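Start with the view below, then read on.

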Amino acid sequence: MEVLGRHASIAPERIAGVSGGALSAACHVAGRERVLLDAMCDVFEEQDSNLFDREAGGISPHQRIYCKVVSKVLDDEAARKVAEGPQLQILIAHPPAGGLPKISGVAATVAYEAELHLINSPHFSWAAKLGLEHGLVDARAAARDGRLVDLVCAAAVIPPIFEPPDWDGRPVVDGGMADQAPMPEPDEGETLVLLTRHYRRLPDVPGRRYVMPTDETPADKIDFTDPEKLRRTWDQGMRDAEAFCDELGLA
């Protein structure tokens, strides 16, 4: 998006994000993309293990680090820009009712991983059949209420690595288990869908354009110790964006 913005005027009416993409979306609206990259790299430089630390109260280093970075980059000024910016919706999911959130969340994770690799589409259904519920949350309202950091952190909760927090009194798990590319509501106009992996099956929807990385991204959502993976992923995104602009005749 940073590269695209150099070649064309970008003024989306609606933005939707899920999982780590919710943080990326909020930082894009707030103009904090580079701040996010630097903050993530800084904490990864300090981290030498992905193992749980008993002294951290049972919270994984991934959850502790992620929430630390979200709190840093989405400060009061960033929240103000989000609150005053274009419509921004973040997808969150709730684990099946009737069981322990962490256990039922793990079951939904298994269904998600199976569908991801067998069906290989960014839009899912198997976890929902197990009782996973999901919905879009107004990030502008959350920012106005001082809850933007909580919302963005809640959007990226992968059981059993992360402990499910609550949102409005209900436990939350990663919305990516319900849909990797949620459409905004209302779903109108021309839509650019930015994906972080290759999919074999993409729906053919008029007015909707899916963009995938040319290669598998170096970044690993389980490894929080190697900042070079983040930098290489950023550089790959910049190269892909330049190629995309060439394709559109913008460069």
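## Helix 2 against helix 4

Helix 2 crosses helix 4 in a left-handed sense (the near helix is turned anticlockwise from the far one by less than a right angle). Helices are DSSP runs of H or I with at least four residues, strands are E runs of at least two, and both are numbered from the N terminus. The model is predicted: local features need pLDDT of at least 70, side-chain atom pairs count only at pLDDT 80 or more, and totals for chains, interfaces and linings use all residues. Residues are numbered from 1 along each chain as its sequence is written, and side-chain values use heavy atoms, with hydrogens and water left out.

The axes of helix 2 and helix 4 come within 11 Å and cross at roughly 15 degrees (lines fitted to C-alpha atoms over the stretch in contact, with angles from 0 to 180 degrees between N-to-C directions). The two helices are therefore roughly parallel (angles under 35 degrees). Contact means heavy atoms within 4.5 Å.

| Helix | Residues in the contact |
|---|---|
| Helix 2 | Gly20, Leu23, Cys27 |
| Helix 4 | Tyr66, Val70, Val73 |

## The core

The largest nonpolar core has 43 residues. Such a core is a set of buried Ala, Val, Leu, Ile, Met, Phe, Trp, Tyr and Cys residues joined through side-chain atoms within 4.5 Å; buried means under 20% relative accessible area (1.4 Å probe, protein chains only). Leu23 and Leu74 have the most contacts inside this core. Among the elements giving it two or more residues are helix 2 (20-30) and helix 4 (61-73).

Leu74 touches Leu23 and Cys27, among others, not counting residues up to four places away in sequence.

Notes: Buried means under 20% relative accessible area, exposed over 50%, partly exposed in between (1.4 Å probe, protein chains only). Angles under 35 degrees count as roughly parallel, over 145 as roughly antiparallel, 65 to 115 as roughly perpendicular and the rest as oblique.
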